[in-house]
Amino acid sequence: MGYDINCLSGESEVTLEFGRRRRIGDLWRDFEDQRAVVAADEEVTSPVELFTTNDAETVFEVTTETGDTVEATADHPFATPSGMCDLDEVERGDSVFVHPFVGVADEEPPEFVVLDEDDFADENPQLVRGLEERDLLPLKSTDDAFHRLLKLVGFHTGDGSFGSNQSWFYGDPEDLETVAADIEAVGYTASRIYERDREHEIDGRSFERTEYSVRATAKGFKRLLTKLGAPAGRKTESDFGVPGYLDRLADWQKALYLSAFFGAEMSAPDAMTAKNLYCPSVSHNRAVEYAAAGEAFVSDLMRHLNDLGVRTNALETVERTETTRGETVRYRFGVKNDSENLIRFFTRVGYRYNRVKRERAVLAAQYLKRKERVVDERARLAEEARALADGGLALREVKSRLDGVNGRFVERSIYGQREGRPRPPADFPDFEAFAAETRVRPNFTVETTVESVTELGEKPVYDIGVAHDAHNFVADGFVVSNCGVRMVRTDLTYDDVRGKEEELVDSLFANVPSGLGGGGVVEGNMDTVEAVLDRGMDWALEHGYAVDDDLAHCEDEGRRPDARPEFVSEKAKNRGKNQIGSLGSGNHFLEVQRVTDVFDESVAGAFGLEEEQIVVLIHCGSRGLGHQVCSDYLRRIEREHGDLLDRLPDKELAAAPAGSELADEYYGAMCAAINFAWVNRQLITHRTRRVFERVFAEEWEDLGMDLLYDVAHNIAKKEVHTVDGEDRELYVHRKGATRAFPAGRQEVPRAYRDVGQPVIIPGSMGAGSYVLVGGERSMSETFGSTAHGAGRTMSRTQAKQEYWGETVRDELESQNAIYVKAQSGATVAEEAPGVYKDVDEVVRVSDELGIGDKVVRTYPVCNIKG
């Protein structure tokens, strides 16, 4: 079982099931009682399986453009367009995903019996037994089943009906699936979703629409709903009201009933003017003889909503209408229309069982939060302008001090008579434009921009371990990379290195830039980055960092001709220009190894490998540049092809249609990032050769430091493969995989074409690595692919709890004769041998499947990490 671990300050609030939120520091009691559950969304929950505290760690506050904040440690993972990224990889201007719906503050509800046998005294004993067998009698206010029933009763009151023994619910098919899931969760069977066309008439106009419904046929379920307050007869001719037990419940329980009713009956968020929203409203009809009950029902809805901190407009009697069944009166109320109040409604109560309204609520909340931030800043600037003018500065000087602010705004702030808050600027987007370009993901998260990451000092933090079945959860609204590997041969043996391990690791660490941030072998500028992106290893050759033989032993000779640097953003280029020739951090490394086992002497001879030989393994990618390219294009894909993403089998997948302009641009940018990665690894190779020259007092050529092979992984490529008996050009995306072409393929370097492509499989720094050769069955089984390494079994945060970096380093040296140097002890702990899968088993599977055949095994001598 694997876990996602999140390090948060005790003040952070996590989202729980049933729309609750609670301070993480207060969650401990539930964990001790083995009932702590966190949520990634209303329907996606996961039990907490680990829960630890640390007295003091450095905490950072992340703030977004919409004012969302969270306090977390540097290794806390955040959901971003390019996947989960630790906070120390997130910068101002980057994107993260937030879940605007945060729910109602959690509180222990008062426990009382809502229904017991006495409430069903007039019913058939068999019906009562059925309720008891489902643990629905007695029904207590603290039962999970009661919480689901609160939603079902609320929604049915708005958009349900009863037959003889049937309970019908109406809505869109996707919403009805959620209704059916709750029916099943309380122990009853829900039908398939029915579809029928119905004719309607409104104001003399007839129209037809498709109606969808789901039903439960058990009489016990119907009686349960009616006893809990669902109206049994014709709703306009009934004296039903809000269930009386709501007054005894916790606020978050009230919100379950209200939000389900609003999902059925309240209007969706909509634009009133370009930059202002209508107040969502509820209209309710009753026959005149039941008007008092109708007025009481609507008044109680308003009262309970006000109890939740959401203010409402006054109750209106809108109209009286004569129908064939008599006169009806219509009541209406709305959520009071000011931004803060609307935000409270959308983020705390909102709508349930209605995806369309929930999505619009997410958009409305984000739009209003962003608008309020902009207006707050304009109010501050207006006040500053008035203060400067009152202090004696001339208008021209005030404008100069407030450089970048519209001059007319400064004048109006000083001389204008307007009272109240300023309006947003003219270039602030209209709501509908914002909604059109902002995609709400299936889990109701939305992308926003990081405004700042601020160090707050040391605070107590909490680590939550969540089972991987659900992966993520939400804390304070936050949902809490081109890479490859190359091997360099040498003519040195292990005996030649013994006694020089410490000197070698120290010199490599001093000369090969590593760790987060900038710092590379070359001081880059924009022209350098453009050239590297365009020409790849050709650039390294032209500038004396490579020789012809290096290019001959690279995949694609170290240059992707489809690279299009113009499709790489300025932000990505700026992130990469000072990182050319650097390892980075995480699982990237440079490792000196010795060959310990030879499994295929013929292929090993073709690769120039033999027992006790020293080799160098380099694992790194395109650094911040590649990460930014991925983020940039994922944002565009979500904006431009949201309909396609919704049809993909996993919400973490994203794609642009092949042949589209966006797909072509993304592919060109990715190919450019691959060129950057090749140059990055080549410059590290260049520095490594210089270090070996100094330590062993020989030229690198005399030491036989030739490139064995360099292959990219985690990339997509256009390749020709046989599908259904025909050769077709395909995009092959090797995520968590690497190419493994067999003998005879033209793509394999000429030196290895008769035996097959070298395949390099890194393991942990305590277990060693492997060199394989592309297997004969790889083309038919896996489009010429195999695994690209031994994956993790433990998150970085959990690894730091399980291991102490200095201890890991000392044990590797004393017990295994492996010398390790890193930027910090935490890095060593994160990469401890115990956090990785068994590389021997990974390779065994590849070998037995015939997709990558074992050639040699290598074992670490010394290792440097960022």
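Let me start with glycine 608, which at 33% relative accessibility counts as partly exposed, because the value falls between the 20% limit for buried and the 50% limit for exposed. In this predicted model, glycine 608 sits in the loop that runs between helix H19 (601-607) and strand E27 (613-621). If we set aside its neighbours within four places in sequence, glycine 608 is in contact with Arg489 and Gln613.

The chain averages a pLDDT of 86, and 87% of the residues score at least 70. Over residues 1-6 the pLDDT stays under 50, and the model has 37 contacts beyond four places in sequence for them. Residues 467-471 also stay under 50, with 14 contacts beyond four places in sequence. Where pLDDT is low, the predicted coordinates should not be read in detail, and I would ask you to keep that in mind when you look at those two stretches.

Now to lysine 275, in the loop between strand E17 (271-273) and strand E18. Is lysine 275 buried or exposed? Its relative accessibility is 17%, and it therefore counts as buried, the limit being under 20%. What does the side chain of lysine 275 reach? It reaches the backbone oxygen of phenylalanine 428 at 3.2 Å, and the side chain of lysine 275 also makes a polar contact with the side chain of aspartate 430, at 3.1 Å. Not counting residues up to four places away in sequence, lysine 275 touches a list of residues that includes Tyr367, Lys371, Pro424, Pro425 and Ala426. Along the chain, lysine 275 and phenylalanine 428 are 153 residues apart, while their C-alpha atoms are separated by 8.4 Å.

Histidine 284, in strand E19 (residues 281-287), is another buried residue, because its relative accessibility is 9%. The side chain of histidine 284 makes a polar contact with the side chain of arginine 286, at 2.8 Å. Beyond four places in sequence, histidine 284 touches Phe240, Gly294, Phe297, Val298, Val329, Arg330 and Tyr331.

Let me turn to helix H8, which spans 339-349. H8 is mostly covered, with 8 of its 11 residues buried, and among them are Leu342, Ile343, Phe345, Phe346 and Val349. The buried residues of H8 pack against helix H6 (251-265), strand E18 (276-277), helix H7 (291-307) and helix H9. At the N-terminal end, H8 is capped by aspartate 338, whose side-chain oxygen lies 3.2 Å from the backbone nitrogen of glutamate 340. Just after H8, glycine 350 takes a positive phi of about 65°.

That brings us to the largest cavity, which holds about 130 Å³ of space. It is lined by 15 residues, and those closest to its centre are Phe101, Phe346, Gly350, Tyr351 and Arg358. Which helix gives the most to the lining of the largest cavity? That is H9, with 4 residues, and H8 and H9 (355-390) each supply at least two residues of the lining. By class, the lining has 9 nonpolar, 3 polar and 3 charged residues.

Finally, some backbone geometry. Most residues other than glycine have a negative phi, and most peptide bonds are trans. Against that background, leucine 137 and proline 138 are joined by a cis peptide bond, with omega about -10°, and proline 138 is found in the loop between helix H2 (125-133) and strand E12 (139-140). Glutamate 557 has a positive phi, near 55°, and its place is in the loop between helix H17 (548-552) and helix H18 (570-576). Glutamate 557 counts as exposed because its relative accessible area is 52%. Aspartate 724 likewise has a positive phi near 55°, in the loop between strand E28 (707-723) and strand E29 (726-739), and aspartate 724 is exposed, with a relative accessible area of 77%.

Key
Residues numbered from 1 in each chain as written. Predicted model: local features only at pLDDT ≥ 70, side-chain atom pairs only at ≥ 80, totals over all residues. Heavy atoms only, no water. 1 Å grid on protein atoms, 1.4 Å probe; cavity = no way out; pocket = protein on both sides within 12 Å on 5 of 7 lines; lining within 4 Å. Points joined across faces, edges and corners; volume = space filled by probe spheres on them. Nonpolar A, V, L, I, M, F, W, Y, C, P; charged D, E, K, R; others polar. Buried < 20%, exposed > 50% of the residue type's maximum accessible area, 1.4 Å probe, protein only. Contact = heavy atoms within 4.5 Å. Polar contact = N/O pair within 3.5 Å; in protein donor to acceptor, adjacent residues only side chain to side chain. pLDDT = per-residue confidence, 0-100.
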